[in-house]
Amino acid sequence: MYHLIKKDLLVQKRALLLALCLLVWFSLTFSGMGIAGLSLSVLAVTYFLTFGASASDEKNRSDRLLISLPVRKSLIVAAKYVSVYVIVALTLFLVYFIHLVIKFLQLPVDVFPFTLEGAAGSVAASTLYCALSFPLIFKYGYMKSRMVNFILFFLTIGGSSFFLDWFQENAGLIQKIKEFFAERSDWETAALFVTPALVIYILSYCLSLSFYRKREF
Amino acid sequence: MDKIVEITGLSKHYKGFSLKNISFSLERGYIMGFIGPNGAGKSTTIKLMMNLMKKDGGQIKLFGLDHEKDEIAVKERIGFVYDENCFYDELTVEEMKNFIRPFYRRWDEAAFRRYVREFGLPLNKQIKRLSKGMKMKFALAAALSHHAELLIMDEPTSGLDPLVRNELLDILRTLMEDGDKSVFFSTHITSDLDKIADYITLIHEGEILLSTTKEELLEEYCIVKGGKNLDLSACRELFIGLEESRYGIAGLARNKGDVIKRLGGSAVIEKPTLEDILLFFTSRSDSHVSSH
C-alpha cells in the first residue's frame, strides 16, 4: 500500500508545489472565516491532490498497469482511501508550517487560526467528500465522474457553511450539544464522531471495491 | 507437456462483438503468434487473460492455475508488454521501476540494470520523453527483471520502426534460448512472426480459425498461381480463397500435396507467408494475395 500511496504523490510533484501556493493564498483570503477557513482550505487541497492522482491514472491508462501487477484490487482501492488521510495530514502540516513562517517573520497579515477543531473539521469534511465521490470514480473513471464530483465538492462546502450558519442561529441547540458532550468522556466524544465517519467510509470502500472488481479496462 | 497457457471455451460478449468459445494452448518454451485483423478479438483475449475484463464463460489456465482464483500467483510469473504506454508519464524510468519492483517477490535488480545497459535506457528521463521504442524496451526490461516465465505481448511492434522491431525480435530470440520461457505475441504484422513464432493461432471475428505449429501451417497450405485459363475444377474445394486479376488467378489452398497431385504442372505452387494465410482466411469473399 505504501508504494501505491507514494506513487500518487510522486506523479504530482508539480501539483504539490501548486498546493503549497494555494495554501498560502487560502491562509490569507480565508482568514475572516475562523476555524472554517482551515477546514475549507484542507478540503480544497485534498480535493485537488486526491483527484489529481486519479486524473493521472486515467490519463496514463495506468489502471491496466495496476491490474496487471501482482496486487489485489482490494489493496488498490484501499490505498486510495488511505491516501486521503496522508494528503490531509500533509496539508495540515503545510498549513501549520505556513503559519509558523508568518509568525516567525512577524508578517503583518491575518490568517485563520490553526486549531484542533479546525483540523478535525478538515478530516471530517475530507472523509465525507471522498466517501461520496470515490465510488463514482471507481465505477465510471475520473473523467466521466468529474462533473458530478465537482458538484459534490461544492455541495460539501455549501452544506458545511449551511450547517455552521444554522448552528450559529440556533444558539440554544449548540448549548444543549455542548452540555451533552461535556457529560461525556473524551473517548466517548471521539467515538461518537469517529464511528459514523468510519462506517460511512467503510461502506464507501466496499461499494468502490465492488465497482472496481466489475469494471473493465 | 507443460502447458503454460490453456484456454478452453472462452467467451465474452459486448456490444458489437463476441468472442465465441475460443480454445487453444501454448506449451513451455515456445512463442505463439496470435494473429488476426484489427477487431478480431486479440486484445479482448489478452485482457481476459490479464483480468482486465471479466469472461462470460470458459476457462483460462495459466501455469495450470486458474487466472482468477490464483490471480496473484499467476501474475508473479507473467511479464506484460502492451500496445500503448500504461506507465506514468510524469515519472522517470528509475521512479517507475521503483514503483513496480516491490510487487514482485522475484525482482532481480541486477538483471534490470543489465537490461537498462543493453537497451540503452536513460534512468533519469521521464517516461513521456522516451520514444515509443524506448517505452517498449522499458516495458520489456520490467517484464524480464522479475524472471517472468510467460511474456504476454499485445501488439508490441505496432508503431515501431523496422530497426526497433528487429531489435525486439532479436531480444526474444535470445530470451528463448534457455527453453524455459514462453511468449504469447499478438500482432497483425505477421512478418515479425515469420521470423520467431513456433505456433500460430489465427483469430477472426471472435473465432479461432486455426491454431497449429508454424511449420505445419506452412507445409499444409500453399499459394497456387496460374494464368486466367487455369482450370481449378479438380481441386476447388481445397481453396480457402481465390483472387482473380487481369494477370491470372492466385489463391490459398490446403493439402499442398493433394493440390500438386491434382493440378500437375499447370500451376505455380509457392510456400505461403503468414500474411497470405491471414489475408485469405479473413477475407474469403474478396480475397487478396500478397506480392511475392
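Predicted model: local features only at pLDDT ≥ 70, side-chain atom pairs only at ≥ 80, totals over all residues.
Residues are numbered from 1 along each chain as its sequence is written, and chains are lettered from A, with ligands numbered from 1, in the order in which they are written.

Chain A has nine helices and zero strands. Helices (H or I, at least four residues) and strands (E, at least two) are DSSP runs, numbered from the N terminus. Along the sequence, the pattern of chain A reads α-α-α-α-α-α-α-α-α. The C-alpha atoms of chain A fill a box of roughly 55 × 40 × 30 Å along the principal axes. The radius of gyration, taken over C-alpha atoms, is judged against a globule rule of 2.2 Å times the number of residues to the power 0.38.

Of the 217 residues of chain A, 33% count as buried. A residue is buried if 20 or more other C-beta atoms lie within 10 Å of its own, exposed if 12 or fewer do, and partly exposed in between, with C-beta atoms placed from the backbone. Two residues are in contact if their C-beta atoms, likewise placed from the backbone, lie within 7 Å. Among contacts in chain A between residues at least 6 apart in sequence, 83% join residues at least 24 apart.

The unreviewed UniProt entry lists residues 78-98, 118-138, 150-167 and 187-212 of chain A as "transmembrane region". UniProt positions follow the numbering used here, feature names are shortened, and annotations may be inferred rather than shown by experiment. Residues 78-98 of chain A are 100% helix and 0% strand, with end C-alpha atoms 31 Å apart. Residues 118-138 of chain A are also 100% helix and 0% strand. Their end C-alpha atoms lie 30 Å apart.

Chain B contains ten helices and 14 strands. The radius of gyration of chain B is 21 Å, close to the 19 Å given by the globule rule for 292 residues, so chain B is as compact as a globular protein of that length. The C-alpha trace of chain B spans about 65 × 40 × 40 Å along its principal axes. Buried residues make up 42% of the 292 residues in chain B. Of the contacts in chain B with a separation of 6 or more, 71% are between residues 24 or more positions apart.

Chain B is assigned domain 1 (3-213) and domain 2 (221-282). Domain bounds come from an automatic or database domain assignment. The centres of the two domains of chain B, taken over C-alpha atoms, are separated by 35 Å. Eleven residues of domain 1 of chain B are in contact with six residues of domain 2 of chain B. On the domain 1 side, helix H7 (190-196) and strand E9 (199-204) of chain B each supply at least two residues. H7(B) gives the most to that side, with four residues.

The two chains also meet. The contact takes 24 residues from chain B and 19 residues from chain A. Helix H2 (71-76) and helix H3 (93-100) of chain B each supply at least two residues of the chain B side. That side divides into 15 nonpolar, one polar and eight charged residues. Here Ala, Val, Leu, Ile, Met, Phe, Trp, Tyr, Cys and Pro count as nonpolar, Asp, Glu, Lys and Arg as charged, and the others, Gly among them, as polar.

The largest nonpolar core has 123 residues. Such a core is a set of buried Ala, Val, Leu, Ile, Met, Phe, Trp, Tyr and Cys residues joined through C-beta atoms within 7 Å. Helix H3 (residues 35-59) of chain A gives the most to this core, with ten residues. Both domain 1 (3-213) and domain 2 (221-282) of chain B give residues to this core, so the core lies between them. B:Met32 is among the residues with the most contacts inside the core. Beyond its neighbours within four places in sequence, B:Met32 is in contact with B:Leu26, B:Phe184, B:Phe185, B:Ala197, B:Tyr199 and B:Thr201.

Two loop residues of chain B have positive phi without being glycine. B:Glu155, with phi of about 50°, lies in the loop between strand E7 (150-154) and helix H6 (162-175) of chain B. B:Glu155 counts as buried, with 21 C-beta neighbours inside 10 Å. B:Asn255 has phi near 55°.
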